[in-house]
Amino acid sequence: MTVKEFFKGKAFKCIIALLCVLLISGIFLTIMNSLLAVTDQERFDRAIKKIYGKAVKTEAVAVADYNSNATIEEAYKIKDDGNYLVKATGKGGFDNGTVTCWIVVKVNKGAVGGIEKVVIDSNSGQSYISYINDKFMAGFYGDYTAGQYFNPNEGFIKTGATRSATAICNAVNAALDYVNALFGNVTVDIYEDCSYIENIDTRNTSHEATEEQVTFHIKTKGYGNAAEFSIDVTVDKNGVITAYAITTDGSTAGYGKNMHPAIKDGTMFVGKNLEGVLGILGGGVDLDYPSGSDINTGATQSNYLCINAAAFAAANYEQFLTVEETPDDNEEGGNENE
Amino acid sequence: MNKYKKITLDGLIYQNPTFMLVLGTCPTLGLISSAFSSMGMGLTVLVILTLSNVIISLLRKLIPDAVRIPCYIVIIATLVTFARMFLDKFLPDLYESLGGFLALIVVNCIILGRAEAFANKHTVAESAVDGIANGLGFTVALTVMGIICEFFGKGSLFGYEIMTFKIGMLAKPAGAFLVYGICIAVFVYIIDGFERMRRVKANKLARENLLKEAA
């Protein structure tokens, strides 16, 4: 075939036809793309409108984290009403997953007034997230009282997605802490500098102390498939655990029955100090996750959380023991006043 | 019968792409759990089908036979991309509700089928009417099924809650499949009924004419 024949042939005609269609399509789409492209600002405005139900003017606010259970991703002040819109990612979801939410924090007379709206933005690995409905979200709405923290087990309907609900509550609590901090009301976490707090929900943990002993009301975080445990641990002034009781069993899907019986009734910890508790996991200073030990009972994650709670109590009791005031102290105080 | 009337009736009823030809089942089953989404999908297909029919009919003498299918695909893909841009810009809610099914219109059998079976053999006006008729047939079918599925599956209509009683399965593709089958059966039964009546009427007329001639 000569060059002339090729240019007169059917193949050339086909190539030209196809190229022309492609070229015209390409030019058309390029023009349309420049005319119809949606900017990032437009997308952001749409997201805000979806949450707010109307278009509002916003002003970005610098983010900071005041709560270890969640991360503040973005925050905006709504110029129209002074409320804050916070995007927070709550930890502690199913299988250590997270849920990211947009939270509208109502502001009333220069302080946090409550939660106006919570909208789920995205999640990681939360297969039951669709169980979270408007009725659950309604549990967040209402007036805020100082120091209030949301807990999925109190004031919310049961959804069947407890772990995802926990992550959402963590996100909302973090948003509240963040906005509170913006108004100068930084919530002090007294357990922040304690040891072995990785799996301890320090915001929901409390203690009662005397000169002789400290009783911790510990709330753990979820770990893997195990949800939060509530455990009361009493440690005497010598650092020995004298009482250990699980008040809320966080084992899920019936795994509770597989827990180590001595952990479940607390006898494994009573009479032990920190060294003894760490000895359960092999004696290292780090709280290593047990592998190949007699703690691997089929509910290892639950066992691990319980050991973590015992280690937390035994390691930190000392700083919370009440110190008896001596007459010398009073005298010194008196002298200062003079 | 007027040819435009015939094209219209074929697209709407006798060769309805959804109920008679069972084409475009992927978006049908995926979207009919919501009346809003199914109507949106139907209208989007109507516009793309009409435009693709018109463009292909216009170019039918310029596009060589050997490359007609690639050319049709490029034209349809261009129109679908344009539709996506348009919906994303002006109707973001619909764009989100259609999701991946919007891009899948490129491989929708109805559009490529009408291009190959009709538009490349007929005039621009006829192709436009065929596109509108088939698009309307698809839209009406999807919307009717969407209304049924949303009403019984979610207890709502176009997003507005109407009743608390609901059959959850009907809001899912499995339920949509069931509704789709029932709708096809009812549609074919009605069309058959009309056809029978028409035949009986025609036979009666022919008998009367024969009797008249014999007399």
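Visitor: Before we start, what counts as buried here?

Guide: A residue is buried if 20 or more other C-beta atoms, placed from the backbone, lie within 10 Å of its own, exposed if 12 or fewer do, and partly exposed in between. On that basis, buried residues make up 36% of the 215 residues in chain B. This is a predicted model, in which local features need pLDDT of at least 70, side-chain atom pairs count only at pLDDT 80 or more, and totals for chains, interfaces and linings use all residues. Residues are numbered from 1 along each chain as its sequence is written, while chains are lettered from A and ligands numbered from 1 in the order in which they are written.

Visitor: What is the mean pLDDT of chain B?

Guide: The mean is 91, with 100% of the residues of chain B at 70 or more; pLDDT is the predictor's confidence in each residue, from 0 to 100. The model as a whole scores ipTM 0.86 and pTM 0.63.

Visitor: How many helices and strands in chain B?

Guide: Chain B has nine helices and two strands, where helices (H or I, at least four residues) and strands (E, at least two) are DSSP runs numbered from the N terminus.

Visitor: Which residues of α4(B) are buried?

Guide: Among them are B:Cys71, B:Tyr72, B:Ile75 and B:Leu79. The buried residues of α4(B) pack against α2 of chain A together with α3, α5, α6 and α7 of chain B, a contact meaning that two C-beta atoms, placed from the backbone, lie within 7 Å.

Visitor: And the core, which residues have the most contacts inside it?

Guide: In the largest nonpolar core, which has 41 residues, they are B:Ile48 and B:Ile75; such a core is a set of buried Ala, Val, Leu, Ile, Met, Phe, Trp, Tyr and Cys residues joined through C-beta atoms within 7 Å. Leaving aside residues up to four places away in sequence, B:Ile48 touches B:Leu79, B:Val80, B:Ala83, B:Ile105 and B:Ile111.

Visitor: Switching topic, how many residues of α9(B) are buried?

Guide: The count is four among 42 residues, so α9(B) is hardly covered. Those four are B:Gly175, B:Ala176, B:Val179 and B:Tyr180, and they pack against α2 and α8 of chain B.

Visitor: Lastly, how many residues does each chain bring to the contact?

Guide: Chain A brings 15 residues and chain B brings 17. On the chain A side, the largest share, 13 residues, comes from helix α2 (residues 10-36) of chain A.
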